[in-house]
Amino acid sequence: MCGINGILHLQSQKKVSERVLTQMRDALEHRGPDDKGIYIDKNVGLGHRRLSILDVSAAGHQPFLSEDGRYAMVYNGEIYNFKEFYAELKSKGFDIKTHSDTEVLIKLFQMEGLKMLSRLNGMFAFAIWDTVEKKLTVARDRMGVKPLYYSFYNETFYFASEQKALFTAGVPLKISQDGIEEYIFNRFVTGEETLFQNVKKVLPGHALILHENGKIETEKWWDLKYQIQNHDIIKNPVDWFRETFDDSIRLRMVSDVPVGVLLSAGLDSSSVLSSLHSQQYKDIQAFTIAFKEEEHDESQLAKRLTAQYQYGFNSLQLEDDDLYSKLLTATYFQDEPLMHLSEPHLLGISQLAKPKVKVLLSGEGADELMGGYVRYKPLQFPSLLHSIAMLGKLDLFANKPRFEKLIRYAQIKEDRDLVLFNGSNIYPKDIAATFGMNTLPKNEYRYKIYEEAKSLYPNDLRRQALYFDQHTYLCSLLDRNDRCTMGASIECREPFLDQRLLAGLGSLDNKWLFTGKKGKYILKTAMQSRLPEEILNFKKVGLSTPWGDYITKSPAFKEELESFSNSDLFKMPYFEKIKVKNLIANLQKGDVTMVSYIMPLFMMHIWLKNYVNKFDGLQQE
């Protein structure tokens, strides 16, 4: 688990600056405090910061060179099944000299090129320079667990694990108008695009091959739709799920350093813990966020479960100055405005875990794979939404936020938009009425994924929403997990995102997902004999936070709220119609519905003030 970066000058006579390459690399120090390295070959440079997880000796140092000197590689991630390739590689004449997955990865590439990607079970982003064919190959794992950003600027290709390394190299930080619009309407930017002009992401399951002459090839090496359509029929879904899930956990326990669990006491993370217990793993540490507000707190439930399993329990409560400080730090690590609003807590719990473990297992992905969000329910009977919209005119639910949100959602007419905005907190009509913004974002990638979902699950809006979220919302969650845990120099692994589970669950009938009040029927059934009733039937809380109270009542936030009401953000053309002081006044009077309108703007204000200003005017050679 690491930070990677690189430079390829398309003018082959131009030599890479060691100073710029090193500055890029060291902007990622938090991702890899254990070791560092660079490789320069005239117009090509690779940089690496290492967090040692497998083979913590110097043998795992990167950039990693093939024995024949042809290939140089920087790699971020873990290949969980790397030992499975030992016999095959040895039979092909390759010596295995380390205990690291890095060596296996480069030798598989020597043997098969990108064909080897489909054989890997893991999370990864890597770059390999071929000194013979003069081409750079960059690739990303199936679901985009590991980040990889790039930019073409001044006839140079820059790439890095985080955008800040690109800006450190002199790529201009310019905010994209399309990105801003997507952020406001859809909470985050999807696909290849980012919030920045001229900064893109390598798509999950994709590889780019960049030739020295500037020619680019793109290869989609993994396609979830194809995998679902061609999956064998699963005869005993519960047995299949339990066995596959346990094996996914087993694979993700491969480590030469201690492993812990991010435990919310919800069904997902508790299932991770129960699988470890059933497989007789010992000395596991669990880490939980606690809240003083009882309706948000699951820590006592988590504490009882860890005691039952005789595992270690660790909890953290963030408030006032500590919460505000973590918010600022998380904003820097995230590179974009905080969207999920749980980032400060996830960063805090990761920092708490750091002295005890170097790897954390997370329950992320279960909701998007198995229908765990309540927001999917209205999609079962979309025709009823029209009746619900009519109820809104009676103003019966003004003080019930969940019903009030459903009524606003019911105003959406098109099936496509019901899927596209299912994960939003405010909808186009709300944004037009409150912000004065009437132009919908381009959303080209979202439309593309929606069409894929529609062709895979015709006339089934719930399944379309799941597939859509797996390519959009889940990516933003994975990015949050990566940034917050790596901000504390900890690796995060997601057992639910094993490719066998992704494809298999996508092929199952709806009853295995949506039966019951809370969805995730197959998971609940598979864990019935392992988990206590109080967890199986506990009301879902997740990592929810009472931000309305925090920003209006906490001393640490009151000053920032005053600054926010006069922010330069509202002098920018796109935001100038927003009457932010009215929104704040309504929130202070107790109108909790204002939180969904205020928080995206508040987080953008914090980001402009504390992140963007760090890079203003920064240019390198």
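Reply: Gladly! This is a predicted model, so local features need pLDDT of at least 70 and side-chain atom pairs count only at pLDDT 80 or more, while totals for chains, interfaces and linings use all residues. Residues are numbered from 1 along each chain as its sequence is written, and side-chain values use heavy atoms, leaving out hydrogens and water.

Me: Why is Ser299 called buried?

Reply: Buried means under 20% relative accessible area, with exposed over 50% and partly exposed in between (1.4 Å probe, protein chains only). Ser299 has 4%, so the word buried applies. Ser299 is found in helix α9; a helix here is a DSSP run of H or I with at least four residues, a strand is a run of E with at least two, and both are numbered from the N terminus.

Me: Which residues is Ser299 in contact with, leaving aside neighbours within four places in sequence?

Reply: They are Thr288, Ile289, Ala290 and Phe313. Contact means heavy atoms within 4.5 Å.

Me: What makes α8 roughly parallel to α9?

Reply: The axes of α8 (residues 267-278) and α9 (residues 299-309) come within 11 Å and cross at roughly 5°. Angles under 35 degrees count as roughly parallel, over 145 as roughly antiparallel, 65 to 115 as roughly perpendicular and the rest as oblique. Therefore α8 is roughly parallel to α9. On the α8 side, the contact is made by Ser270, Leu273, Ser274 and His277, and on the α9 side by Leu305, Thr306 and Tyr309.

Me: How do you know that β8 and β9 pair?

Reply: Two strands pair if DSSP finds at least two bridges between them. Strands β8 (residues 149-152) and β9 (residues 156-160) have 4 bridges, in the antiparallel sense.

Me: What makes a set of residues a nonpolar core?

Reply: The set must be buried Ala, Val, Leu, Ile, Met, Phe, Trp, Tyr and Cys residues joined through side-chain atoms within 4.5 Å. The largest such core has 193 residues, and Phe241 is among those with the most contacts inside it. Helix α27 (residues 594-615) gives the largest share, 14 residues. A second, separate core of 19 residues includes Val44 and Tyr150.

Conventions. Axes are lines fitted to C-alpha atoms, for helices over the stretch in contact, and angles run from 0 to 180 degrees between N-to-C directions.
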